[in-house]
Amino acid sequence: MPDRNLEFGKFGARGIKGYEAAARQLDALAGFIATPVTQRRGMLARLHYLTRTAHAKAAARAAGLTVTDRTLKRWAEGKATPSKKSLAQLDAVYLRVRRQNIARHLLQRLNRQGRGTRVEFHPLNQSQVSRPLQRDVSFRTLNVRNWDRMVQAWVADDDATMDEAWFGDITADLGSDYGAYEYVMNIGFAA
């Protein structure tokens with residue numbers, strides 16, 4: 001039974017943790033605002049998303065938005081400019097609230113009433129590893145039927161739980177070589 005890599009990249013292999021690749025795909029499916037928060041348009045879009053209704057404003061406050069309503073109004077009107085720290089807080093709160101709002105829809109889309117979602121595993125890059133040390137890893141596809149734990153950990157931004165979900169729920173069905181997909185170059189969803 002394969003175990004976790006302790007010294008990944010020691011012989012030249014390249015890749016990213018599988019759960020990080022899954023989180024990137026979930027972020028892509030979530031459809032975040034593309035304009036950076038440092039541009040006025042991006043800041044206003046995030047402000048609108050977080051303050052358009054009383055429910056949205058309450059969710060933003062619960063997610064950690066500490067700026068007063070008066071300050072938010074001044075930012076929206078262009079009478080004040082937020083500091084870098086405030087912009088970073090605004091962006092972090094937006095990401096948390098957007099993930100919470102999209103989670104239920106994303107779970108329905110990925111689980112598809114028990115049919116699951118096809119996942120493509122693109123193996124790690126071993127081009128820099130000498131031939132005798134290379135591991136036999138190939139492109140694989142798998143139909144993943146249970147995304148609950150992965151999406152919940154993604155919403156909470158909990159890397160440890162995402163890593164456990166990656167091994168326990170996603171790659172466990174790959175058979176005895178599931179440990180070979182701890183690191184990947186990329187993964188793709190057919191969602």
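Trainee: Is methionine 150 buried or exposed?

Mentor: In this predicted model, methionine 150 has a relative accessible area of 1%. The cut-off for burial is under 20%. Because 1% falls under that cut-off, methionine 150 counts as buried.

Trainee: Which residues does methionine 150 contact, leaving aside its neighbours within four places in sequence?

Mentor: Methionine 150 sits in helix 6, which covers residues 148–156. With neighbours within four places in sequence left out, its contacts are Tyr19, Ala22, Leu26, Met162, Ala165, Trp166 and Ile170.

Trainee: How far apart are the C-alpha atoms of methionine 150 and proline 132?

Mentor: Along the chain, the two residues are 18 residues apart.

Trainee: Is alanine 28 buried or exposed?

Mentor: Alanine 28 belongs to helix 1, residues 18–30. Its relative accessible area is 57%, and the cut-off for exposed is over 50%. Therefore alanine 28 is classed as exposed.

Trainee: What distance separates the C-alpha atoms of alanine 28 and alanine 165?

Mentor: Alanine 165 is one of the contacts of methionine 150. Alanine 28 and alanine 165 are 137 residues apart along the chain, and their C-alpha atoms are separated by 19 Å.

Trainee: Which side chain of opposite charge is nearest to arginine 98?

Mentor: Arginine 98 is in helix 5, residues 84–111, and is buried. Beyond four places in sequence, arginine 98 contacts Ala30, Gly31, Phe32 and Tyr49. A salt bridge needs a distance within 4 Å. Arginine 98 has none, and at 9.3 Å the nearest side chain of opposite charge is aspartate 27.

Key:
Residues are numbered from 1 along each chain as its sequence is written. This is a predicted model: local features need pLDDT of at least 70, side-chain atom pairs count only at pLDDT 80 or more; totals for chains, interfaces and linings use all residues. Side-chain values use heavy atoms; hydrogens and water are left out. Helices (H or I, at least four residues) and strands (E, at least two) are DSSP runs, numbered from the N terminus. Buried means under 20% relative accessible area, exposed over 50%, partly exposed in between (1.4 Å probe, protein chains only). Lys and Arg count as positive and Asp and Glu as negative; His and the chain ends are not counted. Contact means heavy atoms within 4.5 Å.
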